[in-house]
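This briefing covers a sheet, a helix pair and a chain interface. Please keep the model open while reading.

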Amino acid sequence: MNHNQPVYTDNDPQSELVTLNLGPTHPATHGVFQNVLQLDGERIVSGVSTIGYIHRAFEKIAEHRPFYQITPLTDRLNYCSSPINNMGWHMTVEKLLNIQIPKRVDYLRVIIMELSRIADHIICNTIIAQDTGATTTFLYLFQFREHIYEIYEEVCGARLTTNIGRIGGLERDFNDVAFAKINKFLKEFPVALKEFESLLNRNRIFIDRTAGVAEVSQENALSYGWTGPLLRATGIDYDVRVSEPYSSYQDFDFEIPVGTSGDIYDRYLVRNEEMWQSVRIIEQAMEKIKSEPKGIFHADVPEFYLPGKEEVYNNMEALIYHFKIVMGEIDAPKAEVYHAVEGGNGELGFYLINDGGRTPYRLHFRRPSFINYSMFAKMSEGMLLSDAIINMSSMNIIAGELDA
Amino acid sequence: MAKATNTELIDLLGENFGEQLFDVTEPYGLLTFSTTKDKVIHVLSFLKKNDKIDFNFLTDITAVHYPEKNQLAVVYHLHSMVRGIRVRIKVFIHENDPTIPTAVPLWNAANWMERETYDFFGVKFEGHPDLRRILNMDDLGVHPMLKQYPLEDPNRVDKKDEYFGR
């Protein structure tokens with residue numbers, strides 16, 4: 001079957017159905033994916049999703065790269081929250097190598113991961129509002145993503161594709177400016193988020209557009225492999241941070257918000273509440289760091305932790321380890337490991353098989369966007385075109401993660 | 001409900017399947033076993049429908065190519081959210097006859113996961129409702145994740161894989 005052609009072409013000349021190519025570069029889809037829809041007036045009769053427009057063969061490339069060179073690939077999966085991907089990958093390797101991470105490093109990572117979760121949810125929720133016609137909220141809350149990017153910049157030097165961290169910890173300690181910026185964010189963001197909520201939560205137009213639209217049952221959500229805010233909006237309290245805590249999430253006190261019907265309004269509310277919970281977690285982490293020994297930002301594993309350049313130029317051992325690590329000559333056990341983290345869109349899994357070579361024998365990414373999106377065409381049947389557009393926004397499909 | 005342990009799961013599966021499951025290991029605490037392709041759907045549906053263990057969630061389907069053994073391993077990751085346990089099931093199939101029954105009747109999520117596995121490894125899932133390529137173009141002609149296909153132009157002398165990684 002050639003899916004460049006509409007699959008359900010209606011050859012009946014008397015038919016009133018219209019074929020619409022939604023995408024691949026439609027401004028309303030916020031990403032590169034195509035849906036060939038059959039429309040009866042404004043109502044969608046059937047649809048076929050075509051994906052893969054930005055497929056970059058990451059799994060194949062990963063089979064030819066040492067561990068450190070795979071981190072930049074993970075940046076480009078869900079590029080709205082790349083630190084979560086980076087750290088998820090580093091934690092996978094740490095699990096493989098049985099590295100124990102000091103508590104302070106865990107907490108620093110938690111701060112960055114929760115900031116990126118907020119950035120991810122800001123994008124999704126403001127875009128839902130934007131697609132229902134509320135530009136103000138989009139412009140208003142979006143500046144806080146900029147503030148989060150400034151914090152990334154302070155910590156790792158990059159903004160979007162962060163390549164943050166190392167196997168065994170972080171590349172450098174947070175400086176005072178970074179802490180000051182985080183504190184400033186914690187003070188200002190709740191005010192803005194509150195205002196954002198008061199603009200939308202009880203907004204008649206917004207509720208009319210979202211409540212009761214694209215409802216999903218729990219059975220369907222589980223059957224289609226949904227995870228993350230989408231699954232929680234249906235009322236299932238599954239969160240990897242709680243069910244299999246990584247990076248010391250068990251030390252934090254936070255709640256998992258759930259919805260009831262799985263409609264777009266519930267997804268919006270779940271994401272909003274998760275932002276509040278993330279703020280709570282960051283506040284706790286900032287408190288906890290104070291009681292940890294200062295200046296520790298990586299585990300003491302010189303054979304795996306890429307040393308800083310200053311060390312490499314002045315220290316023989318660091319030079320040797322640097323060479324070995326960059327060339328992939330590290331002594332990793334021959335084993336297979338699956339590690340999952342709670343990404344912005346759901347369970348982000350890394351399935352790594354190591355055979356003792358310089359590079360992974362096989363690395364598979366379990367990408368939540370890819371798996372969540374498989375229901376979209378089916379869901380859209382019988383829906384209005386304009387509802388399908390906000391449904392797509394509320395699923396927060398990130399093309400990079402969809403196509404890998 | 002209390003978290004299930006691997007021992008509990010091994011006992012339960014041993015009772016029901018016995019010798020049909022083999023190569024049981026626990027790398028990093030994740031119970032892994034192999035089965036054959038004519039039994040795999042039986043095993044998957046048992047795990048899904050069993051009230052005691054309740055593997056309600058299909059986390060992932062993928063494949064691994066082992067060219068020296070002329071084999072492909074199809075790997076299933078299941079998750080019981082109720083009992084808080086994961087399991088990994090492998091099915092080794094011959095690379096010249098890469099067929100395996102589909103899991104779509106059990107989980108709809110298997111649809112795209114199997115299409116992806118077909119696209120990259122050429123594993124033909126028998127009974128799949130819509131088995132066609134998903135990420136690559138239709139006329140690619142090869143299944144690119146198989147190990148015989150190099151990442152870059154093999155004629156380049158400056159970038160031989162043996163010097164840089166695999």
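Strand 5 of chain A and strand 6 of chain A pair in the antiparallel sense over 5 bridges; pairing requires that DSSP finds at least two bridges between two strands. The model is predicted: local features need pLDDT of at least 70, side-chain atom pairs count only at pLDDT 80 or more, and totals for chains, interfaces and linings use all residues. Residues are numbered from 1 along each chain as its sequence is written, while chains are lettered from A and ligands numbered from 1 in the order in which they are written. Helices (H or I, at least four residues) and strands (E, at least two) are DSSP runs, numbered from the N terminus.

**Sheet**
- The open sheet has 3 strands in the order 4-5-6 (chain A), with antiparallel pairing.
- Strand 4 and strand 6 of chain A are at the edges, each with a single partner strand, so one side of each lacks a neighbour in the sheet.
- On average, neighbouring strands of this sheet are turned by 10° against each other, direction ignored.
- Gly349(A) stands opposite Arg366(A) of strand 6 of chain A.
- Helix 3 (residues 82–97) of chain A packs on the sheet and touches strand 4 and strand 5 of chain A; its direction makes about 145° with that of strand 4 of chain A. Axes are lines fitted to C-alpha atoms, for helices over the stretch in contact, and angles run from 0 to 180 degrees between N-to-C directions.

**Helix pair**
- Helix 5 (residues 135–156) of chain A and helix 6 (residues 176–200) of chain A pack at about 165°, with axes 10 Å apart.
- Helix 5 and helix 6 of chain A are therefore roughly antiparallel (angles over 145 degrees).
- By class, their contact has 15 nonpolar, 2 polar and 3 charged residues. Ala, Val, Leu, Ile, Met, Phe, Trp, Tyr, Cys and Pro count as nonpolar, Asp, Glu, Lys and Arg as charged, and the others, Gly among them, as polar.

**Glu154(A)**
- Glu154(A) lies in helix 5 of chain A and counts as partly exposed, with 17 C-beta neighbours inside 10 Å (20 or more would be buried, 12 or fewer exposed).
- Beyond its neighbours within four places in sequence, Glu154(A) is in contact with Asn175(A), Val177(A), Ala178(A) and Lys181(A); contact means C-beta atoms, placed from the backbone, within 7 Å.

**Interface**
- 39 residues of chain A are in contact with 30 residues of chain B.
- Strand 4 of chain A gives the most to chain A's side, with 4 residues.
- The residues of that side divide into 15 nonpolar, 14 polar and 10 charged.

Conventions: Contact = placed C-beta atoms within 7 Å. Parallel < 35°, antiparallel > 145°, perpendicular 65-115°, else oblique.
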